[in-house]
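Welcome! Take a moment to look over the sequence and the model, and then we can walk through a few of the features together.

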Amino acid sequence: MASFDSSSIVTEVMNYLFFMLDLIEAQDWIKLENIALSNPKVFRIMSKSISDYEEFNGMTLLHACVRYNPPATVLGEMIKLYPQ
């Protein structure tokens, strides 16, 4: 049975989260859709992670995207996958 180091899991989640935020800032909507939105379960986990992360002051991935004028299709998919 494999053992998990919780600090390495948190690090991996944060690395993935910052990668997604970099895609948003770069306005690379195609990559964001292909990487983040193509796996609903992972997207929901990442969305919850960012909203739970104190340093983001309650910001969600949706808030981050809206700042960079994404296509309506990206916003619609995000809302569909994580309506909270």
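## The largest cavity

This is a predicted model. In it, the largest cavity is lined by Met20, Ile24, Leu32, Ala36, Leu37, Phe43, Leu61, Cys65 and Met78. H2 provides the largest share, with three residues.

What classes of residue make up the lining of the largest cavity? Nine are nonpolar, while no polar and no charged residues take part. The space inside the largest cavity is about 40 Å³, and the count of cavities of 30 Å³ or more comes to one.

## Helix H3: its length

Now let us turn to helix H3, which runs over residues 40-52. Its 13 residues should span 18 Å at 1.5 Å a residue, and this agrees with the model because the end C-alpha atoms of H3 are 18 Å apart.

Which residues of H3 are buried? They are Phe43, Met46, Ser47, Ser49 and Ile50. These residues cover an arc of only 160° around the axis, so they sit on the same side of H3. Phe43 also belongs to the lining of the largest cavity.

What do the buried residues of H3 pack against? Their partners are H1, H2, H4 and helix H5 (72-81). On the face of H3 turned away from the buried side, you will find the exposed residues Lys41 and Asp52.

Note on methods
Residues numbered from 1 in each chain as written. Predicted model: local features only at pLDDT ≥ 70, side-chain atom pairs only at ≥ 80, totals over all residues. Heavy atoms only, no water. 1 Å grid on protein atoms, 1.4 Å probe; cavity = no way out; pocket = protein on both sides within 12 Å on 5 of 7 lines; lining within 4 Å. Points joined across faces, edges and corners; volume = space filled by probe spheres on them. Helix = DSSP H or I, 4+ residues; strand = E, 2+ residues; numbered from the N terminus. Nonpolar A, V, L, I, M, F, W, Y, C, P; charged D, E, K, R; others polar. Expected span 1.5 Å × (residues − 1). Buried < 20%, exposed > 50% of the residue type's maximum accessible area, 1.4 Å probe, protein only. Arc of directions from axis to C-beta. Contact = heavy atoms within 4.5 Å.
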